[in-house]
Every structure is written in structure tokens, then in C-alpha cells.
Amino acid sequence: MRAPDVVHGTADATLVHVEGDTAQAYVHNYGTTGILARVTLRLEPAQDWSAFYASFAGLEPVLPLLAAFAALEPTPRLVSVDPAGLVASLPPDPALPDGRASLRVILDRSTVEVASALVLAAGGRVEDVRPGASAAMRLSTLSSGRAE
């Protein structure tokens, strides 16, 4: 958010224009710091997101990959790693095999080939690649603990 016009919960309730760092005080506050009446946003090009699932025998080979995934261009939207014990508590899914650590990434489709090569070189398996926004959203909720 670049520049919101905000109405505060005061007796005069005037419209206040804020920009830059001051605008950040209104992000993710759900109206507690003021009501956003008008907002100027910075837009970015749409990305062709894919949900990327990989598994490993344990966590040790996964951890060095995190920096490599963070260096992908465009940068992944999410990178999530869980040990096998935690994976067992997730909803059943063929892309989350029993007894294996899980690496889940929301990445731009253009980086799937590079991501796959990284996983294979580290001794992992690519379990599935699911294209599209709905697959990416599902992975996002799974990785934040709100899976259904």
C-alpha cells in the first residue's frame, strides 16, 4: 500500500492522506487504526504460481537447499519444510509420503525445472507440481497450519 486516505475514529472524522512509511501503520490492522477510504497500490505483474512438493529421507539434505530456493528468480512466494513426524499430522495427500521430510514451495512456473534439479541433486524426490492459483493457495494454507 503506497498512499491510503484514512478516516480515524474521532469526533471530527476527517479524511487524512498518508504516504510512505506512515502508510505502513495501517497495513493488516483490520480497521483498528482507521478506516481505509481510498488506497493507492503498487501493482506487480501477475505470476504463474505452482505448488511444488518434494520429499527427503530426513531434514539434513533439505536445509542447505533453503538458500538456493530463496535465490530463485522470481523469488518463491513460500518455502516450507517439515520433518516426517510433523508431515504425518497433515491431511493425507499423495505428495506428502509417510516417513519422509517435506519441502513445499510456491514458485513461479518458470523455475520448476531448476527447483526439480536442486531437489534431485540433494537426494530428494519431486512428489508433485500443481499449477495454478488454487493449488498455490491450498499449499499456503497447508503450510500455515490451517488446512482443511
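Helices (H or I, at least four residues) and strands (E, at least two) are DSSP runs, numbered from the N terminus.

I also noted that this is a predicted model, where local features need pLDDT of at least 70, side-chain atom pairs count only at pLDDT 80 or more, and totals for chains, interfaces and linings use all residues. Residues are numbered from 1 along each chain as its sequence is written, and side-chain values use heavy atoms, with hydrogens and water left out.

Entry 1: I began with β3: how many of its six residues are buried? The number is zero, so β3 lies largely in the open. V39 sits in this strand, which covers residues 35-40; at 35% relative accessibility, V39 counts as partly exposed.

Next I checked the pairing (two strands pair if DSSP finds at least two bridges between them). β3 belongs to an open sheet with the order β2-β1-β3 and antiparallel pairing. Its edge strands are β2 (15-17) and β3, each pairing on one side only. Five bridges join β1 (residues 3-7) to β3, and P4 stands opposite V39 there. On the β2 side I found three bridges to β1, with L15 as the bridge partner of V7.

**Entry 2: the other sheet.** Here four strands make an open sheet, ordered β5-β6-β4-β7, with antiparallel pairing. The edges are β5 (78-82) and β7 (125-131), each of which pairs on one side only. From one strand to the next, the twist averages 15°. For angles, axes are lines fitted to C-alpha atoms, for helices over the stretch in contact, and angles run from 0 to 180 degrees between N-to-C directions.

I then followed β4 (residues 49-56) and β6 (residues 101-108), which pair over eight bridges in the antiparallel sense. S50 is opposite L107 in β6.

**Entry 3: the helices.** Which strands does α3 touch? Helix α3 (residues 112-121) packs on the sheet and touches β4, β6 and β7, its direction making about 5° with that of β4. Contact here means heavy atoms within 4.5 Å.

In α4 (residues 133-143), I listed A135, A136, L139, S140, T141 and L142 as buried. What covers the buried residues of α4 includes β4, β5, β6 and β7.

Methods
Buried means under 20% relative accessible area, exposed over 50%, partly exposed in between (1.4 Å probe, protein chains only).
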